[in-house]
Amino acid sequence: MKRTLFIRLIALLLCLCLAPTVALGYGETPVFTDPVTHSDITLKFDLYPDKFPQGVQADLEGWQAFLDKITFRGQLDVQNPLTDKVRAWFDGGLYLREDLVVPFQVDVYFAFRYLQSLALKGESMYFKMENFLEFMMKPRYFMDLPTDYIALFMYPEATLDMRDRFYTPLAELCKGEGDRVVAYDDLYDLCYQWEEMYANDGEDYNKLYFFTTCLLYKLGINYDVYDQIGMMTDYLNFLDTDGQGLIITVKDDVETYTIGEHVVFTRDVNSTRNFTLTLPDAEGNLLTVYSQETIKDSWRGDDWYLALNITLAPEEEGQEPETFLAVTLDMGNIPLRELYQTSGIVRFHAEGTALDEPVSHIFSLLMNRTDVKFPNQAEYTLLYRHPETQENCFSIQLTTNNSEVRHTVLQERVYPQEDFFHLNDEYLQRIKESYIPSLALSFLPIITEMPAGVINDIIRFAEATDILVSLGIE
């Protein structure tokens, strides 16, 4: 299988999407006067046993009864979310019926997180998020758990950091109206900057390396993509052999981006979600990203179809190209604008030789909001449709009451600075000796409410994934 310069590069570029993070030292923390959003949050999970296929080896009725008793509630204050100036404070915890049984607080200072709980004997743990992606790869390596994807979901600032490193400066070069040209020298300088990021990655907490690893490890191309970033000028010279630069033309409200002999990008100037990205490489491989948005004149949500295809050139003449990866995301009636109420469907499908088998998932998304301005109330429900029964079998419901408050609600606090993600055997042993008794005592009311079948399901899962062994429990 050919994993060439282009294939590896594009696999990275496709996921440059979410917001920057800069690790700032804790100490003289600046006070920002931006408004703070206050939310009273309730998170609930529901399971519907009769919507699963027959023969499922799990105590579905037990899980349903148990989840009915559990809610996650709390108060959240957030300032400058998804930026390098993010500040947040959460106070709440896990409720059993109406009783708060596992209380905790989380304090967020930029790329630092502090967790404090009675379950930790009232003490706090410190998490430096620059080490988070590396830490979350370990369960993937040793237990094949999808913690790499969970890490990207839990820490979107890492993806946004990649966006600002790669996409943002390219967009700055291309901005403008009408016909125009981005000079070859400017493109070369940008590619050289990307190569410098690769060369200096070790001094930058290996952010780039662990991002590409979390993103692409299961596809088997994470190392290739990472190394290719160190050769971006070579890829530019393949595309633009004559050094003509990037030529942008506009006709009938469509912008066309041409570099060398290759039309690499077209977009509708009136819609940011209507575009086609087409990138070839020297060996005849091709990546295509197609995006089409349909804006509806209603409050029921918009439609958005997104497709990604990576095809590899045939190994021999006369053979068909190989579909390495084909991914589609079909979203109907989704709140892409500031809608009050919507009921949408999300369909995800992926196939190709990069995967062991095709993957398909369908979700329903319900949203109901009283107003787009503060104060408001909102309820979001995400339902998962079982692929065999085609029935919604599991749901997550988030209810929020939101208002805007002054920045003074966020207070400065002092915490210990021993990073949990620098976990070693000595630190792990100290944590187990110090906190396992208090954690067990805190979760005891919840455990006693678990049906026997639920406990057996958890034990089977922990044994199958070697979680117990990793914790020193056999």
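## Exercises on a predicted model

Glu255 and Arg180 form a salt bridge in which the closest N and O atoms are 3.1 Å apart, where a salt bridge is a side-chain nitrogen of Lys or Arg within 4 Å of a carboxyl oxygen of Asp or Glu. The model is a predicted one, in which local features need pLDDT of at least 70 and side-chain atom pairs count only at pLDDT 80 or more, while totals for chains, interfaces and linings use all residues. Residues are numbered from 1 along each chain as its sequence is written, and side-chain values use heavy atoms, with hydrogens and water left out.

**Exercise 1.** Determine which strands hold Glu255 and Arg180, and how many residues apart in sequence the joined parts are.

Solution. Glu255 belongs to strand S9 (residues 254–259) and Arg180 to strand S7 (residues 180–182), so the pair ties together parts that are 75 residues apart in sequence. Strands (E, at least two residues) and helices (H or I, at least four residues) are DSSP runs, numbered from the N terminus. By the salt-bridge rule, the count comes to 21.

**Exercise 2.** Describe how helix H4 packs with helix H7.

Solution. Two packed helices are described by the angle between their axes and the distance between the axes. Here H4 (residues 147–154) and H7 (residues 207–216) pack at an angle of about 120 degrees, with axes 7 Å apart; the axes are lines fitted to C-alpha atoms over the stretch in contact, and angles run from 0 to 180 degrees between N-to-C directions. That angle makes H4 oblique to H7, since angles under 35 degrees count as roughly parallel, over 145 as roughly antiparallel, 65 to 115 as roughly perpendicular and the rest as oblique. The contact (heavy atoms within 4.5 Å) is made by Asp148, Tyr149 and Leu152 of H4 together with Phe211, Cys214 and Leu215 of H7.

**Exercise 3.** Trace the pairing from strand S10 through S11 to strand S12, and state the bridge partners of Phe275.

Solution. Two strands pair if DSSP finds at least two bridges between them. S10 (residues 262–268) and S11 (residues 275–280) run antiparallel and are joined by three bridges, with a hairpin of six residues linking them. S11 in turn pairs with S12 (residues 286–294) in the antiparallel sense over six bridges. Phe275 is the bridge partner of Arg267, and the bridge partner of Phe275 in S12 is Ser291. In the hairpin of S11 and S12, which has five residues between the strands, Gly284 takes a positive phi near 90 degrees.
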